[in-house]
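Hi,

Here is the structure I promised to pass on.

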Amino acid sequence: MKKTLFLCICIFTFFASCKKNTDPLVETETGSASTKLAVSTGLNNDLLLKLVNEKRTSGCNCGTTAMPPVNALTWNNNLAAAALAHSKDMNANNYFSHTSLDGRGAGERITAAGYKWMAYGENIAAGQPTEQVVFDAWINSEGHCKNIMSANYKEMGAAKDGKYWTQEFGAKL
């Protein structure tokens, strides 16, 4: 009986260790190959990215600051994972801040999600019902608009949980 139980445990351990990583919050990179897994963000990723990139490629005024056209962003699942974690935390703990209740800032949360950054930014919002409405709120706020229009950023991820929206921007090392 002990040998059978030991064998079953060993086989389970072997198969568990051979299981492919299906965690939806992870982007894995091996050499030049990259496997991107979907992140369930609670929003229409394509629509929000489209709204951001239409504005970036046409330029705009952020308050009194003229922002010239800049390159479009690409979606990054690690940034989306960081955004989702922050939106979920704000929703679960009923607070609204760029600083998590454990004292971590956006850079620490982005790093924890596996994104190796040389630049990052974060927009948050609460209460907007749609991607268009939250985008309009951000683009009409000078600081949020400057994040959206910054040429320093190359990638974006965003998520919504409950009424809380988080948008993360980054450029990799």
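Lysine 146 and glutamate 142 pair up through their side chains in a salt bridge, with 3.2 Å from N to O. Keep in mind that this is a predicted model. Why do lysine 146 and glutamate 142 sit about one helical turn apart? Because they are four residues apart in helix H6, which covers residues 142-149. Lysine 146 comes out as partly exposed at 32% relative accessibility, and glutamate 142 is partly exposed too, at 35%.

The count of salt bridges is five. One of them joins aspartate 161 and lysine 88, at 3.9 Å from N to O. This pair ties together distant parts of the chain: aspartate 161 belongs to strand S7 (residues 155-161) and lysine 88 to helix H3 (residues 77-93), 73 residues apart. Is aspartate 161 buried or exposed? Its relative accessible area is 18%, so aspartate 161 falls under the 20% cut-off and is buried. Lysine 88, at 43%, is partly exposed.

Another salt bridge runs between the side chains of arginine 104 and aspartate 102, at 3.0 Å from N to O. Here arginine 104 is partly exposed, with a relative accessible area of 31%, while aspartate 102 reaches 53% and counts as exposed.

Back in helix H3 you will also find asparagine 78. Asparagine 78 is buried, at 5% relative accessibility. A polar atom of the asparagine 78 side chain lies 2.7 Å from the backbone oxygen of alanine 113.

Now for the cysteines. How many disulfides does a search of the whole structure find? It finds one, and this disulfide joins cysteine 62 to cysteine 145, with an S to S distance of 2.0 Å. The link is left-handed, with -65 degrees about the S-S bond. Like the aspartate 161 and lysine 88 pair, it connects distant parts of the chain: cysteine 62 is in strand S3 (residues 60-62) and cysteine 145 is in helix H6, 83 residues apart. Cysteine 62 is buried at 0% relative accessibility, and cysteine 145 is buried with a relative accessible area of 0%.

Then there is cysteine 60, which is in no disulfide. The nearest cysteine sulfur to it is that of cysteine 145, 3.7 Å away.

Cheers

Technical notes
Residues are numbered from 1 along each chain as its sequence is written. This is a predicted model: local features need pLDDT of at least 70, side-chain atom pairs count only at pLDDT 80 or more; totals for chains, interfaces and linings use all residues. Side-chain values use heavy atoms; hydrogens and water are left out. A salt bridge is a side-chain nitrogen of Lys or Arg within 4 Å of a carboxyl oxygen of Asp or Glu. Helices (H or I, at least four residues) and strands (E, at least two) are DSSP runs, numbered from the N terminus. Buried means under 20% relative accessible area, exposed over 50%, partly exposed in between (1.4 Å probe, protein chains only). A polar contact is a pair of N or O atoms within 3.5 Å; within protein, one must be able to donate a hydrogen and the other to accept it, and residues adjacent in sequence count only if both atoms are side-chain atoms. A disulfide is a pair of cysteine sulfur atoms within 2.5 Å.
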